[in-house]
Amino acid sequence: MEQKKIKRRIQAYLWEFLVGLLEDEECAPFINWTNKFEKEFVVADPDEVASLWGLLKNRPKMNKTKLRRAIRQYYKRDLIMKVKGRVGVYKFLHLPYDPIGLEECNPKQEFYFDENCVSPSYEETTHDDEAVSP
């Protein structure tokens, strides 16, 4: 049989990245929960968060202004909202899926951020006699 090669982009979403940082204790100095039950968090060091997001997306010129602009795109989709009157405080509203059990607020579930994944990449896979899904 002929081998089929599929190239598939692995895409990271900003909201998933933020949740991953929030669940990582090492990231607490620059992003942390203010109220996990209400899904409210503070970006204490936006420069550091922007730098990490830039590494992941292979965008070395990422800065806090661009990060904030990206977060504002989620306002329109009702995923994140800015908490009025508080600097750098945001709240998750409706996530496409619940990666760490925020709906139940279960602290035992964890979301892992793969620190080896520094940029979106293409995976090349070879399938022998396997059905290929779009």
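1. Among contacts in the protein chain between residues at least 6 apart in sequence, what percentage join residues at least 24 apart? The figure is 58%. Keep in mind while reading on that this is a predicted model.

2. A word on confidence before the details. The protein chain has a mean pLDDT of 77, with 66% of its residues at 70 or more. Residues 105-134 are the stretch to treat with care: pLDDT stays under 50 there. The model still has 56 contacts beyond four places in sequence for residues 105-134.

3. You'll find three helices and six strands in the protein chain. Going along the sequence, they come in the pattern β-α-β-β-α-α-β-β-β. Of the 134 residues in the protein chain, 33% are buried.

4. Ten of its ten residues are buried, so helix 1 is largely enclosed by the rest of the structure. The buried residues include Leu14, Trp15, Phe17, Leu18 and Val19, and also Glu16 and Glu23. What does the covering of these buried residues include? Among the elements involved are strand 2 (32-35), strand 3 (40-42) and strand 4 (80-82), along with helix 2, helix 3 and strand 5.

5. Next, the largest nonpolar core, which has 26 residues. Inside this core, the residues with the most contacts are Leu18, Ile31, Phe41, Val49 and Phe92. Helix 1 (14-23), helix 2, helix 3 and strand 5 (89-92) each supply at least two residues of the core. Which helix gives the most to this core? That's helix 1, with seven residues.

6. Ile31 deserves a click of its own. Setting aside neighbours within four places in sequence, Ile31 touches Leu18, Leu21 and Leu22, as well as Phe41, Val42, Val43, Ala44 and Val49. Leu18, Leu21 and Leu22 are among the buried residues of helix 1, while Phe41 and Val49 are, with Ile31, among the residues with the most contacts inside the largest nonpolar core.

7. Last, the pairing of helix 2 with helix 3. Two packed helices are described by the angle between their axes and the distance between the axes. Here the axes of helix 2 (residues 46-56) and helix 3 (residues 64-76) come within 8 Å and cross at roughly 80°. Helix 2 and helix 3 are therefore roughly perpendicular to each other. On the helix 2 side, Pro46, Asp47, Val49, Ala50 and Trp53 take part, and they meet Lys64, Leu67 and Arg68 of helix 3. Sorted by type, the residues of this contact are five nonpolar, three charged and no polar.

Technical notes: Residues numbered from 1 in each chain as written. Predicted model: local features only at pLDDT ≥ 70, side-chain atom pairs only at ≥ 80, totals over all residues. Heavy atoms only, no water. Axes fitted to C-alpha atoms, helices over the stretch in contact; angles between N-to-C directions. Helix = DSSP H or I, 4+ residues; strand = E, 2+ residues; numbered from the N terminus. Parallel < 35°, antiparallel > 145°, perpendicular 65-115°, else oblique. Contact = heavy atoms within 4.5 Å. Nonpolar A, V, L, I, M, F, W, Y, C, P; charged D, E, K, R; others polar. pLDDT = per-residue confidence, 0-100. Core = buried A, V, L, I, M, F, W, Y, C linked by side-chain atoms within 4.5 Å. Buried < 20%, exposed > 50% of the residue type's maximum accessible area, 1.4 Å probe, protein only.
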